[in-house]
Amino acid sequence: MKETAVEEATKQAPPAAAGGTSGSSVTLPQLGFTGMLRWAWRQLTSMRTALLLLLLLAVAAVPGSLFPQRPSAPSEVTQYLKDNPTSGPIMDWFKLFDVYSSPWFAAIYLLLFTSLVGCVLPRAKIHWKAMRSAPPRTPRRLSQLAEYGTVEIPAGSGIDAHAAVKDAAAILKSRRYRVDIRDLDGERPSVGAEIGFLKEVGNLVFHTAMIGILGAVAISGLFGYSGQRVLVEGETFVNTLSGYDTFTPGASFAEDRLSPYSAQLDRLVVKYDRSTTAHYGQPLDFNATLSLKEGSGAEAQTRTLKVNEPVSVGGTNLYLVGNGYAPIVTIKDGEGNVAFQGPVITIPTDGAYTSLMVIKVPDAKPNQLGFVGFFLPTALVDEQGVAFGSDPDPFNPQLNLNAYTGDLGLDSGVPRNVFTLDTSGMTEINSRNLDSGGITLAPGQSYTLPEGNGTISFDGIKRFAALDIRHDPGQVYVLVFTILAIAGLIASLFLNRRRVWVRTGNHPDGRTMVEFGLLARGEDHRLAGEYNAINKALQAKWLVATPATGQNGEQSPTTDGSVRTSASKDQ
């Protein structure tokens, strides 16, 4: 079997003949620690590694979409661990519930960032040198290039080889080529020209913009924050940690980064379609009127918040992400004391705003109270006597509730969802299945609970707005770098790098001979068109007539018997 040169070199030489000395083995040089680092750096900064890391980053982000994440849904993570006692702790050890803050995700992110930087910097240095250097030397045989042509300037035209090469350089320069005239004092002067450096510039801009996007996202992840708050009409949000319903800080967040401002929801108006039959009752517009104050002594400014039209204040953006009704309820316990009073946030379930609602009254005496049911903005009753919602506007509002008494389970230390009622430790005292029946209330009505557990009254209706509040310091930079990346990608895809060489010479009979060739760096389907444009420009400059082309691309001779121009190799 044939051996490679390396294998042959590493084998020990055969013993010498009798009376001679034996040969010594050849040892390859050791790579060494520095050489190993240099090899690792070259592997990391290769384009293949960058693409692999980019794919790996996309795959690593998949668990963040499949499993609940602790920063955004801690209660769901807790429930998942409770439902999966075997696999849950293992997944938690691998940080599958904290994917975007896990060490392995950060490692991939940083390696990708380093790889892109290592790819771009050397390429930028090489391209800078290429832009400052002269075009490559003129090939000896231009006829071997992809596009090739000749032009013959008749004798007596007064244009010699030196004048022709200067004219050719001027033509190429007018077509935005970078030109360099060579051998002007020789017998066969030539000009080299090059265009399309913006193609590689676009490529570098694209990769640099990708680095910028990664950096901007990292800045947002480190110093940004987001939170949610549900505001009922008349309530005020203050930008402090205690003012948020849920809050997700960045890795390097500090509380002093919260800008002091407040936002009061004055009114939420929802406009519904009342003019068409097909879309009757569908929402058309949501307008939340806010009173904003930046600082304690600032004057209030009225701003309008709409869907997809956020309000900017204090370095944050306020987004309107939800809305609904908040019935105002007053509950008195069995001792006659007001145990609960105020608006109750409901959860809309359909287009008619049939809304689920839960009321927990842990301060009621002698027993805690709980209510679960639904709110109907416009209630109708079917043949079975069941109420249902028919319109999102509050034309006939109604509360339908079941009542419970007992232990709400709020003192066990286990987090509870405010929109669910755990009835395992409670006794039902009002429902359709009991003789006491369910609780049905219209605005202004009240109901006395059985067994002396108190009363509940329906006092009125307000609307609420669900706000998403975000501080994203890298948002503008992401936009800028994204635009740059798109522009760089377009330049790298649609611009072509080309080289043109023109060589001239004087014929003994007085004619001036001109030959030129074109070469593309990579695929260029428009190279033939560029050849035709340059050929036409040269002919127009020297007033050389284009000969008729016969079959198989052959040119017909002129009246003096000489061929004035030749066709491209691809024609």
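Student: In which loop is the place of Asn308?
Tutor: This is a predicted model whose residues are numbered from 1 along each chain as its sequence is written, and its side-chain values use heavy atoms, with hydrogens and water left out. Local features need pLDDT of at least 70 and side-chain atom pairs count only at pLDDT 80 or more, whereas totals for chains, interfaces and linings use all residues. Helices (H or I, at least four residues) and strands (E, at least two) are DSSP runs, numbered from the N terminus. On that basis, the place of Asn308 is in the loop between strand 9 (301-305) and strand 10 (311-313).

Student: Is Asn308 buried or exposed?
Tutor: The classes rest on relative accessible area, with buried meaning under 20%, exposed over 50% and partly exposed in between (1.4 Å probe, protein chains only). Because its relative accessible area is 72%, Asn308 counts as exposed.

Student: Is the phi of Asn308 positive or negative?
Tutor: Most residues other than glycine have a negative phi. Asn308 is not a glycine, and yet its phi, at about 65 degrees, is positive.

Student: Which value does phi take at Asp183?
Tutor: Asp183 is found in the loop between strand 2 and strand 3, and with a relative accessible area of 53% it is exposed. Here too a residue other than glycine has a positive value, for the phi of Asp183 is near 50 degrees.

Student: Is the peptide bond from Lys365 to Pro366 cis or trans?
Tutor: Most peptide bonds are trans. Pro366 has its place in the loop between strand 14 (355-361) and strand 15. The peptide bond that leads from Lys365 to Pro366 has omega near 0 degrees and is cis.

Student: With which side chain does the side chain of Thr276 make a polar contact?
Tutor: Thr276 lies in the loop between strand 7 (261-272) and strand 8 (283-294), and its relative accessibility of 32% makes it partly exposed. A polar contact is a pair of N or O atoms within 3.5 Å, where within protein one must be able to donate a hydrogen and the other to accept it, and residues adjacent in sequence count only if both atoms are side-chain atoms. At 2.5 Å, the partner of the Thr276 side chain is that of Asp273.

Student: How many salt bridges does a search of the whole structure find?
Tutor: A salt bridge is a side-chain nitrogen of Lys or Arg within 4 Å of a carboxyl oxygen of Asp or Glu. Searched over the whole structure, the number of salt bridges is 17.

Student: How many residues apart are Arg188 and Glu515?
Tutor: The side chains of Arg188 and Glu515 meet in a salt bridge, at 3.3 Å from N to O. The pair links distant parts of the chain, with Arg188 in the loop between strand 2 (178-182) and strand 3 (190-195) and Glu515 in strand 24 (residues 512-520), and the two lie apart by 327 residues.

Student: Which residue forms a salt bridge with Arg274?
Tutor: Arg274 is partly exposed, with a relative accessible area of 31%, and its charged end sits over the ring of Tyr280, 4.9 Å from the centre; this label requires NZ of Lys or CZ of Arg within 6 Å of the ring centre and within 35 degrees of the ring normal. The closest N and O atoms of the salt bridge are 2.8 Å apart, and the partner of Arg274 is Asp391.

Student: Is Asp391 buried or exposed?
Tutor: The relative accessibility of Asp391 is 7%. For that reason Asp391 counts as buried.

Student: How many aromatic pairs does the count come to?
Tutor: Rings of Phe, Tyr and Trp (its six-membered ring) pair if their centres lie within 6.5 Å, and planes under 30 degrees apart count as stacked, over 60 as edge-to-face and the rest as tilted. By this rule the number of aromatic pairs is 16.

Student: What is the angle between the planes of Trp104 and Phe105?
Tutor: Trp104 is partly exposed at 29% relative accessibility, whereas Phe105 is buried at 10%. Their aromatic pair is edge-to-face, with 6.4 Å from centre to centre and an angle between the planes of 75 degrees.
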